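Visitor: I would like a close look at a single part of this model. Please take it strand by strand.

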Amino acid sequence: MPVMIKQRRRLALTFLAMVLACGAAFYFFFVADPGRSQNSSEPIVEPGEQLPITPIPLDLKLDARKVALGRRLFLDPHFSRDNRISCAYCHSLATGGTDSLPHASGVDGRPGRVITQTVFNSGFSSMLFRDGRAATLEELIDFPLPHSAEMDLAWPEVIAVLEQDQAYRNAFKDIYQEGIKPHSVKDAFATFARSLTTPNSKFDRYLRGDKNALDRSELAGYQLFKSLGCISCHQGANAGGNMYEKLGLVENYYAHRGNVQEADFGRYNQTKRESDRYEFRVPPLRNVALSAPYFHDASAPTLDQAVATMARYQLGVDLNANETSKLVKFLNTLTGLYQEGAGE
Amino acid sequence: MIRGGGIRFIKRNFRQLVLSGLAAASLLFLFVKAQSVDSDTHTLLASDLRELHAQDTELGEAALQHHYQLFHNYDAVTAIMQHMRTLSAKLPQYQQAGVLPDTPEVTRELSVLHQQIDHKAAALEAFKSSNAEAKTALIFLPRVVNVVLAQLPESDTLRRDRFEFLLRDALMMTVNQDNHAHEILKQDIAMIDRMIPGLPGLAQASAILALRHARSILENEAGMPDLLMQLSSHGSNRVGTGLEQFYRDYYHAQQRTAANYRLLLLMAAMGMLGYAIFDYYRARERAQQLRIAAAAFETHESIMIYDPDRHIQRVNRSFTQLTGYSPEEVIGKAPDLLRSGRHDEEFFRKRWETIKRDGHWEGEIWNRRKDGTIHPVWLTTTAVTDADGKVTHYVSVLTDITQRKEAEEQIHQLAYYDALTNLPNRRLLLNRLSHAMTAGARSGEHGVILFIDLDNFKTLNDTKGHDIGDMLLIEAARRLQSCVRGGDTVARLGGDEFVVMLGSLSAEAEQAATEAKAAGENIRESLSQPYYLRDFEHHSSCSIGISLFRAHDITVEDLLKRADTAMYEAKTAGRNALRFFDPHMQAVLEARVILETDLHYALSEQQFELFFQIQVNAANQPIGIEALLRWMHPTRGLVMPAEFVPLAEETGLILPIGQWVLETACAQIKAWEMHSLAGELQLAVNVSARQFHQHDFVERMCETLKKTGADPARLKLELTESVVLGNIDDTVAKMHELKRIGVRFSMDDFGTGYSSLSYLTQLPLDQLKIDRSFVHNLGIKRSDAVIVQTIIGMAGSLGIEVISEGVETNEQRVFLERAGCMAYQGYLYGNPAPLEEFADMMLHGNFSQTRIGSQAQLY
């Protein structure tokens with residue numbers, strides 16, 4: 001009886017439609033409550049440590065593959081117009097992450113305007129460059145890369161260079177779904193840069209509770225550093241690098257030095273705010289003993305000189321030799337140890 | 001099921017499929033609309049906004065905290081600001097993702113938020129710088145003041161106090177930045193400034209430096225309340241308030257819209273549920289209807305359903321029984337496989353025209369079964385249409401009308417054909433005659449009918465039985481048919497009467513007559529051939545009457561009557577003959593009809609009379625008298641029995657007439673009792689076969705004898721051979737009964753019929769009467785003389801008297817006497833005479849003289 005079968009099939013379909021309709025109604029009234037599924041908000045960041053200067057973390061938790069890839073990129077001289085200038089060309093890891101020159105030298109030996117800064121511990125800074133024009137390491141790479149006096153390469157050229165290399169292609173393919181793209185290149189580079197830390201300085205050990213880590217004069221230097229008020233600006237994990245301040249608070253630095261140039265305007269060049277003129281990022285003092293010469297204009301060849309200049313123009317005092325010596329001794333305890341592969 | 005079934009299904013249910021698709025699409029639409037607020041992205045946005053506010057609050061609190069701390073660490077606030085920037089940078093993505101509408105209002109709120117963040121960032125930077133400067137100054141100030149104080153004598157309390165106050169008020173300024181503290185510190189600075197020229201040389205520089213730091217505190221702390229206010233997350237400084245407000249409203253609106261769509265979806269679902277329930281019950285109802293329809297489908301009528309593409313879709317069991325095709329064999333095929341080939345394309349074309357016009361056709365059609373047999377079917381085809389009037393199926397109901405056709409055929413056969421010979425009967429003959437006349441009217445050609453009557457058939461029927469008679473009729477019918485052409489008609493009117501109708505004879509009457517005569521002769525010749533009926537050979541002949549006709553010059557009935565008349569004429573002429581109708585014949589016919597009418601009144605009008613004729617022996621002495629019936633017609637005069645007895649026998653009047661004869665004869669016997677001569681003689685009376693075979697003939701006879709008082713011994717009944725042949729046992733029994741009371745019997749007209757020794761020996765006869773035809777031929781026909789001698793010899797050996805009738809000459813008497821016949825009757829001895837005349841003759845005893853004399857006169 002085909003008629004009966006057809007009939008039964010029809011009843012079954014009708015029943016199915018009823019079940020679906022009930023199911024849809026149920027879903028919307030009891031399950032699909034948009035207010036239900038909420039992500040618990042991220043923990044609110046706690047305010048800073050009571051310590052003015054905090055130790056550099058020992059544990060970095062970075063992706064080792066990205067660090068390795070970033071290192072290759074960092075050391076690769078093909079990232080420049082003349083296949084000569086790598087990142088490490090100026091930011092030598094062996095010499096405190098800088099070139100120790102008053103002015104950098106880019107492709108074809110073109111001179112930079114300001115002094116090269118260290119790449120070490122740059123991951124702890126939220127202000128990069130002296131005028132703070134980059135907030136992150138990812139942003140930072142966009143400045144030296146196309147700069148005519150530095151690497152002088154556009155992104156398509158960078159990608160082309162990388163694409164030619166089978167090893168890069170494989171490495172990127174392994175780590176990044178997108179392959180070789182500006183974003184992935186920046187990420188690899190920045191991850192490597194964040195691995196460039198110098199933990200376990202004497203002072204960090206002291207901060208972590210090793211009271212014998214500093215000798216008496218070094219400790220006296222730290223006390224003096226605090227009592228002179230240096231600590232007001234040179235604080236944070238990097239002992240600086242987290243705020244802007246004018247060079248020459250008390251005495252006019254440029255009046256004494258003369259020959260004011262655009263490079264001296266500092267943050268003004270970035271914000272064009274008159275209040276920012278001559279304001280520079282407070283330099284981080286980590287490994288400061290290794291990063292001579294000092295100041296944006298490389299005017300202080302030694303640390304002693306730099307300390308004296310700071311006391312003169314920022315506080316209005318001339319420190320005696322003993323005081324300077326103590327301060328320099330203290331500053332030397334901020335020198336940490338870069339271990340290649342650390343934190344990987 | 002069938003190839004292309006899917007496409008056909010889509011075609012047929014196109015509208016339903018489109019409607020289902022629309023319903024599904026609207027449900028999907030409602031579903032998507034009800035989902036329009038993506039809970040995940042909404043949560044992310046809400047969480048980002050919340051966190052932004054948390055960070056904002058945190059920033060304000062942290063700034064305040066930093067302000068009141070001597071030592072500080074800006075990493076955290078910097079990180080907070082960085083975090084807030086990151087969060088705010090993410091917000092435009094929500095606009096791109098559609099969580100936030102892409103409206104100028106949102107864009108404006110977003111830019112306001114970015115401005116707020118920028119403003120906060122600037123405020124934070126200003127705060128950090130100012131706070132650092134102020135704190136540095138505050139840390140450094142005591143050291144410088146100590147240098148100054150070291151240069152001032154202890155006694156100089158006034159100036160020392162000024163520096164002490166400066167130190168104190170600068171500290172107060174960092175705690176409380178109100179105008180009062182500001183003014184006090186300002187006064188301190190002004191007073192020391194005025195004091196400086198009076199200070200010792202060494203102290204002067206330090207005092208200037210101290211004032212420089214104090215001014216730094218004053219300036220930086222003065223701006224601090226404003227900066228802290230900017231960094232706080234209260235009131236207008238709260239980041240993203242506008243966006244949040246907008247989004248909250250927008251989200252709620254979205255929620256409401258989604259809720260409305262959910263409600264719509266629910267209503268749609270409820271509606272569909274309701275429809276589903278409704279449909280369920282409707283479907284159940286329909287299933288019931290379908291079950292009824294399915295039961296009705298399996299009726300004894302054959303049903304075939306096919307689609308407009310002429311593919312059979314369903315057949316029922318009766319169809320299989322009727323056609324021999326199982327459902328598997330016909331489903332999907334065209335109904336044409338049932339075609340018998342008996343109908344042309346025109347038939348089917350008209351049939352489909354009717355179906356397309358009326359949606360219905362019914363009629364008789366010949367179909368072919370699976371086994372190839374062809375059968376008649378009453379076919380009803382009805383078009384089934386959908387709601388739009390488009391034909392979806394055709395339903396054909398087939399009724400087997402084989403039996404009905406056969407019955408019709410049988411009825412037709414019974415109505416128009418003779419059951420025995422299968423020849424057309426009188427009714428059909430009349431039809432065909434009408435048609436032939438109409439045809440003749442057109443063509444001018446003559447037609448003819450031949451009325452054929454088999455001679456002596458009645459005798460054969462009586463002697464051999466009806467089955468033999470039937471066999472003769474069947475054979476005669478067969479021969480007649482073989483004598484005619486295809487278009488001619490041979491009909492049986494009944495009994496031994498046949499009519500042959502020939503058409504398309506010449507337009508010339510004479511020529512047509514010639515053709516008709518030839519055909520008639522042919523038939524006569526054919527029917528005269530010997531018949532082999534069962535075990536014996538039979539010789540028969542026929543009498544044929546012919547009548548020509550042309551167009552409607554005569555009615556059908558009259559035509560038949562004419563042919564009948566001609567046939568009668570042929571029969572009268574001595575049988576085995578052929579006669580054309582002529583007007584004289586018609587007159588005779590009419591006269592005969594009048595005679596028949598008159599005969600009805602003859603008895604009551606006492607028009608009958610008995611004549612008497614004497615019988616003598618060799619010595620010319622009377623030995624008996626024969627009573628002879630005569631009809632004294634009022635206008636025609638004397639009518640002989642040969643003229644009216646056959647009519648009386650046909651009409652049944654023979655019975656009362658015969659009774660009258662017997663009664664009158666018996667009364668005469670009684671009357672003659674005292675007569676000297678007549679009282680001695682026996683009176684012979686003729687009895688017809690029909691009369692004798694009345695079941696109560698013996699009783700009537702006895703009663704008549706008793707009533708009249710006549711002496712039975714003087715009564716002699718003369719029977720014909722046909723009386724005996726009708727039923728020999730009955731005849732023998734009745735004869736014996738009557739013989740017991742003294743009645744005697746004579747066999748009349750002996751030798752003309754089927755006389756045979758076998759019954760002659762069984763019958764208790766007293767006398768044989770040699771037929772006058774033999775006597776007449778004595779001396780003319782030798783064979784008849786031999787027959788007469790044989791009869792006389794045979795009668796002698798059986799001990800039965802012999803009498804010859806029709807003796808007219810002396811030569812005949814001499815021959816008969818020599819042959820041994822000693823009794824005679826005829827003109828030679830006296831004519832039949834009425835009673836008075838006969839009585840007179842007897843009285844005078846002059847029979848022989850008179851007759852001999854008159855005989856002599858004849859010669």
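Through how many residues does a hairpin join S14(B) to S15(B)?

Guide: Three residues: a hairpin joins S14(B) to S15(B) through them. First, the ground rules. This is a predicted model, in which local features need pLDDT of at least 70, side-chain atom pairs count only at pLDDT 80 or more, and totals for chains, interfaces and linings use all residues. Residues are numbered from 1 along each chain as its sequence is written, while chains are lettered from A and ligands numbered from 1 in the order in which they are written.

Strands here are DSSP runs (E, at least two residues), as helices are (H or I, at least four), numbered from the N terminus. Two strands pair if DSSP finds at least two bridges between them.

Start with S14(B), residues 622–633. S13(B), residues 608–617, pairs with S14(B) in the antiparallel sense over nine bridges. Pro622(B) in S14(B) stands opposite Val616(B). The hairpin of S13(B) and S14(B) has four residues between the strands. Asn620(B) in that hairpin takes a positive phi near 60 degrees.

Now S15(B), residues 637–639. S15(B) runs antiparallel to S14(B), with three bridges joining them. Gly637(B) in S15(B) is the bridge partner of His633(B).

S16(B), residues 682–686, runs parallel to S14(B). Four bridges join S14(B) to S16(B). There, Ile625(B) has Leu683(B) of S16(B) as its bridge partner.

Finally, the setting. Chain B comes to 31 helices and 22 strands.
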